[in-house]
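Here's a structure to walk through together. Have a look at it, then try each question before reading on.

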Amino acid sequence: MQNLLPEELVKLAERVIDANRKAGKRVAVAESCTGGLVAAALTEIAGSSDVFDSGFNTYSNTAKQNMLNVGDDMLETFGAVSIAVAWDMARGALEKSGCDVAVAITGVAGPGGGTEKKPVGTVVFAKAEKGKSVDDVVADRHNFGADKSRADIRFQAALVALELLLPDTSE
């Protein structure tokens, strides 16, 4: 069977679906720079509908505000590519979907759009989980490198997001 997406992405998505199915968890994603790539990877897996609920493709700031209730103040103060906005996106996806887990991705895939503080290759991730305190926020900023292609940055970002969707086995 041939997949639409790279094998590495599909294999990890399959692990995410299987692990969350076993844990009885439903997942959602809020994507910006990956443009739906994580949702596409998850839906590449037959039977994923019993785990994957929804994907919010919020490429623009307006979409982040309208679909996920990301605050104007967050965007103005920190910018779209920030831990604060990624966390707001994840929290919004969790609330809107009613899922157990939501992961958000926002970044600069290039080749343009980078700044000195947020160069091309900067991608920020956040994970929100139902029933967990704001103090338990999982958020991280990666710099995949300005020397990488847009496709490679988006691919690497999708892999990181999928890893974040794997349930914590220590729970």
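Q: Leaving aside neighbours within four places in sequence, which residues does T122 contact?
A: This is a predicted model, so the contacts are read from predicted atom positions. T122 is found in strand β4. Once neighbours within four places in sequence are set aside, the residues in contact with T122 are V81, T106, G107, V108, R141, H142 and N143.

Q: Is T122 buried or exposed?
A: The cut-off to keep in mind is that buried means under 20% relative accessible area. T122 comes out at 0% relative accessibility, so T122 counts as buried.

Q: Which residue's backbone oxygen lies 2.7 Å from a polar atom of the T122 side chain?
A: For this one, look at the side chain of T122, which sits in strand β4. A polar atom there has a backbone oxygen 2.7 Å away, and that oxygen belongs to P119.

Q: What is phi of N69 near?
A: N69 is found in the loop between α3 (61-68) and α4 (72-78). N69 is partly exposed, with a relative accessible area of 43%. Its phi is positive, in a residue other than glycine, and is near 60°.

Q: Which residue's side chain makes a polar contact with the side chain of D88?
A: D88 has its place in helix α5 (residues 83-97), and counts as buried at 7% relative accessibility. Setting aside neighbours within four places in sequence, D88 is in contact with L68, N69, V70, G71 and M74. The polar contact between side chains, at 2.6 Å, is with R91.

Q: At what angle do α3 and α5 pack?
A: Two packed helices are described by the angle between their axes and the distance between the axes. For α3 and α5 the axes are 9 Å apart, and the angle is about 35°.

Q: How many charged residues are in the contact of α3 with α5?
A: On the α3 side you'll find K64, M67 and L68, which meet V85, D88, M89, R91, G92, A93 and K96 in α5. By class, the contact has five nonpolar residues and one polar, and the number of charged ones is four.

Q: Is α1 roughly parallel or roughly antiparallel to α6?
A: Helix α1 (residues 7-23) and helix α6 (residues 150-165) have axes 9 Å apart and pack at an angle of about 15°. Angles under 35 degrees count as roughly parallel. That makes the answer for α1 and α6 roughly parallel.

Q: How many nonpolar residues does the contact of α1 with α6 have?
A: E8, L9, L12, A13, R15, V16 and N20 in α1 meet F155, A158, L159, L162, E163 and L165 in α6. Sorted by class, this contact has one polar and three charged residues, while the nonpolar count is nine.

Q: What distance separates the C-alpha atoms of L37 and L9?
A: L37 lies in helix α2 (residues 37-43), and is buried, with a relative accessible area of 18%. Neighbours within four places in sequence aside, its contacts are L5, L9, E31, R154, F155 and A158. L37 and L9 are 28 residues apart along the chain, and their C-alpha atoms are separated by 9.5 Å.

Definitions and conventions: Residues are numbered from 1 along each chain as its sequence is written. This is a predicted model: local features need pLDDT of at least 70, side-chain atom pairs count only at pLDDT 80 or more; totals for chains, interfaces and linings use all residues. Side-chain values use heavy atoms; hydrogens and water are left out. Helices (H or I, at least four residues) and strands (E, at least two) are DSSP runs, numbered from the N terminus. Buried means under 20% relative accessible area, exposed over 50%, partly exposed in between (1.4 Å probe, protein chains only). A polar contact is a pair of N or O atoms within 3.5 Å; within protein, one must be able to donate a hydrogen and the other to accept it, and residues adjacent in sequence count only if both atoms are side-chain atoms. Contact means heavy atoms within 4.5 Å. Axes are lines fitted to C-alpha atoms, for helices over the stretch in contact, and angles run from 0 to 180 degrees between N-to-C directions. Angles under 35 degrees count as roughly parallel, over 145 as roughly antiparallel, 65 to 115 as roughly perpendicular and the rest as oblique. Ala, Val, Leu, Ile, Met, Phe, Trp, Tyr, Cys and Pro count as nonpolar, Asp, Glu, Lys and Arg as charged, and the others, Gly among them, as polar.
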